Amino acid sequence: MSEAVLELRNLHKRFGALQATRDVTLDLRPGEIHALIGPNGAGKSTLIGQIAGHIAPDEGQIRLSAEDITGLSVAERARRGLGRSFQVSSLADSLSVLRNVMVAVQAIQGHSFRFWKPVDRDASLIEPARAAIARMQLSSRADTPVSELSHGERRQVEVACALALNPRALLLDEPMAGLGPEGSLKLTELLETLKLEVPILLIEHDMDAVFRLADRVTVLVSGEVIAHGTCDEIRTHPRVREAYLGD
Amino acid sequence: MPEPAMGALAGPVSLSSARPWLNRERLINGLLLMALFASPFIAQAVGETYYINLASRIAIVAMAAVGLNLAIGYGGMISFGHAAFFGLGGYVAGISAFHAFDMSLLLSWPITLGGSDFMPGIWLAAMVLCALLALVIGAISLRTSGVYFIMITLAFAQMLYYFAVSWPSYGGDDGLPIYLRNQFPGLNTNDPLTYFLICFVALGLSLALCARLMRSRFGAALTMARLNETRLATAGISPFPIRLVAFVLSAVITGVAGALFADLNGFVGPSMLSWHRSGEIMVIVILGGVGRLYGPVAGAILFVLMETLLGGVTEYWMLFLGLVLLGVVLFARGGLMGLLAGRARHE
């Protein structure tokens with residue numbers, strides 16, 4: 001347990017009468033993809049919100065590299081190495097791919113209160129940004145405005161932005177959503193190589209991708225973890241079949 | 001689609017840094033500045049000296065709008081209270097001149113401080129006070145956004161307005177005349193052309209500052225705060241301090257413009273703090289083109305010329321201004337700069 005990069009311990013979150021998160025405990029270990037699945041309304045988004053810092057849990061603890069980050073803001077968590085992508089693409093559409101990624105690089109290099117040096121000549125920003133873009137195989141699109149990219153390419157940019165943080169853990173919220181089979185396959189391949197460097201907590205609807213990528217799977221239903229295990233264990237788990245796979 | 005020859009496309013096309021130095025926008029920018037610069041000299045030559053002060057007025061309100069444009073156009077913070085800073089700058093110039101004129105003390109505690117007619121000192125004081133005021137207003141109002149932000153900034157400015165109206169020491173409702181224009185060492189500020197040059201240089205500096213600022217890391221963060229706040233936070237940068245600093249810088253620029261305005265008119269009154277003034281500066285920003293560096297210059301030229309030329313013909317010139325504004329908002333989303341120089345380029 002001590003080697004876990006990201007740990008959730010007994011998280012609870014309640015909205016009025018709705019228990020959106022009930023005693024959720026899970027961890028993410030180096031080199032793995034840990035998939036979090038669950039039917040609509042299972043509380044996945046609430047849980048992601050708590051991990052990323054948009055929502056404060058009522059109880060429980062979130063730890064990144066054994067440090068408690070439960071009380072930190074979104075930006076502080078990002079600086080400590082929690083990279084994330086969004087279910088709905090959240091990039092600045094009018095800016096180029098490079099500009100989007102550069103903002104993430106400038107955050108990890110310290111504060112942004114530098115008023116004089118132009119960023120478009122700042123190799124210490126551009127080089128790491130280009131490297132992150134190259135890792136997502138998007139170098140040929142680096143100077144293209146995000147608005148001109150395909151849906152799949154935007155997903156790749158999102159991941160590149162997260163990578164630019166030199167993250168210790170990646171939180172990817174439905175990266176395959178809206179991708180065609182081809183784009184989905186490409187991203188799957190990219191994530192497969194990526195996980196060796198950065199462990200990934202993957203929230204995903206695409207079951208083919210989950211069963212291909214995930215080392216472990218956690219199933220969330222009504223805010224609660226109902227099953228946890230390898231892909232094979234999850235496939236045959238009676239409660240999962242009943243609640244989720246619709247058998 | 002046939003594969004284009006690599007040699008043809010490998011060049012500057014894909015590199016944002018290899019843009020041509022002189023594009024249409026830069027040409028328009030240069031022409032606007034040159035027109036503003038030349039007009040008082042032409043006025044001097046043909047003996048229409050009244051128009052020299054008109055050019056100074058354009059330079060000053062353009063500078064105030066450059067400040068507001070930093071908040072609205074670059075930071076996405078729609079401040080409807082920038083008259084607070086414009087007026088504060090004006091009152092700093094007015095009050096300092098008032099005490100310098102009658103040799104009385106401005107402050108007796110905790111330090112004794114007399115008035116001064118030393119312009120650089122007045123500007124510095126205006127900058128510091130506007131920065132402090134903006135820090136307070138910004139720290140409170142930036143916790144909101146949208147309509148609430150507009151209303152809170154308006155409320156703060158109106159508070160200052162009513163304070164000035166009800167404070168009899170400095171003229172209250174009647175305002176405060178500046179009998180002798182403040183002085184700049186080595187220059188005769190009473191000479192209209194010299195005073196225009198001071199205003200023009202101040203405008204030029206504020207434009208250069210904004211241009212440089214928006215190319216820096218701070219500018220990149222501010223741009224992202226406007227375009228996508230969530231992205232900025234996810235990238236590890238908290239939007240609030242970035243916005244607050246931009247708001248303060250914006251207020252400082254508008255404040256110095258206010259000090260220049262009071263000296264130009266030889267008068268400062270509560271009207272400099274009123275919401276009409278905030279609206280006027282905002283109209284100039286919108287007319288010129290929100291988020292365009294030289295938008296405020298184009299907007300100020302159009303606004304002041306309409307005010308002077310149409311205002312001389314009819315009392316209802318505001319009606320025509322309204323029609324022009326309506327036209328710009330409906331048909332030219334990029335304002336005058338959008339019409340003249342085309343769509344804004346994003347890198």
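## Salt bridge between the domains

A salt bridge here is a side-chain nitrogen of Lys or Arg within 4 Å of a carboxyl oxygen of Asp or Glu. One salt bridge is the count between domain 1 of chain A and domain 2 of chain A.

## Basis of the values

This is a predicted model, where local features need pLDDT of at least 70, side-chain atom pairs count only at pLDDT 80 or more, and totals for chains, interfaces and linings use all residues. Residues are numbered from 1 along each chain as its sequence is written, chains are lettered from A and ligands numbered from 1 in the order in which they are written, and side-chain values use heavy atoms, leaving out hydrogens and water.

## Domains of chain A

Chain A splits into domain 1 (1-81 + 169-247) and domain 2 (90-166); the bounds come from an automatic or database domain assignment. Their C-alpha centres are 25 Å apart. In contact (heavy atoms within 4.5 Å) are 16 residues of domain 1 and twelve residues of domain 2.

The two domains of chain A bury about 1200 Å² between them, and carbon and sulfur atoms give 70% of this. Buried area is the accessible area (1.4 Å probe) that two parts lose on being put together, summed over both. A:Lys186, A:Leu190 and A:Leu194 supply 32% of the area that domain 1 buries against domain 2, more than any other three residues.

Two residue pairs across this interface are in polar contact, both at pLDDT 80 or more. A polar contact is a pair of N or O atoms within 3.5 Å; within protein, one must be able to donate a hydrogen and the other to accept it, and residues adjacent in sequence count only if both atoms are side-chain atoms.

## Chain B against chain A

Here 29 residues of chain B touch 37 residues of chain A. The buried area is about 3000 Å², with 59% from carbon and sulfur atoms. B:Arg215, B:Arg217 and B:Arg231 supply 27% of the area that chain B buries against chain A, more than any other three residues.

The rule finds three salt bridges across this interface. In a salt bridge between A:Asp122 and B:Arg217, the side chains meet at 3.0 Å, N to O.
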